[in-house]
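Have the viewer open as you read.

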Amino acid sequence: GTVVLLGPATNAAGALAMGARWEELIVLGGTVRSPPNWRPVRTTELNFALDEAAAVATLRGAAAAGTPITLFPMEVCRRVLFDGSDLVPFPQWFRDRSASWLRVAPLVTGRHGFHP
């Protein structure tokens, strides 16, 4: 099936190491250019930065297996802004986990909502 990575690639790298294979890999992560360095972990893109080794292992492992990879870097994600009404169709666990992003993101970006 298709695997969609919306955060650090830690679990995906582990699954590949245990022999998992996918029909497609869609990744939200990385950056094409380096914008201002404002994040607490001193990076420009959080998903890859939190487990850089796993991101590398996942992308290399999937590519070596011939898995088609679609990468949405931070610049693409910054064009999308979610607010509370956008989250209504999602499961409750997702809405619960997004609540902190809805509270904090406007303090950082000055915009209502958060980027995926």
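This is a predicted model: local features need pLDDT of at least 70, side-chain atom pairs count only at pLDDT 80 or more; totals for chains, interfaces and linings use all residues.

## The cavity

Helix 3 (residues 52-64) gives the most to the lining of the largest cavity, with 3 residues. Helices here are DSSP runs of H or I with at least four residues, strands are E runs of at least two, and both are numbered from the N terminus. By class that comes to 6 nonpolar, 2 polar and no charged residues, with Gly counted as polar.

The volume is about 30 Å³, and the structure holds 1 cavity of 30 Å³ or more. A cavity is a set of points on a 1 Å grid, over the protein atoms alone, where a 1.4 Å probe fits but cannot get out; lining residues have an atom within 4 Å of a point.

## The chain and the model

Numbering starts from 1 along each chain as its sequence is written, and side-chain values use heavy atoms, leaving out hydrogens and water.

The chain has 5 helices and 3 strands, running β-α-β-α-α-β-α-α from the N terminus. Of its 116 residues, 29% are buried, meaning under 20% relative accessible area with a 1.4 Å probe, protein chains only.

Val-108 sits in helix 5 (residues 92-109) and is partly exposed at 44% relative accessible area, a label for values between buried and exposed (over 50%).

Conventions
On a 1 Å grid over the protein atoms alone, a cavity is a set of points where a 1.4 Å probe fits but cannot get out, and a pocket is an open set with protein on both sides within 12 Å along at least five of seven lines; lining residues have an atom within 4 Å of a point. Grid points are joined across faces, edges and corners, and a volume is the space filled by probe spheres set on the points.
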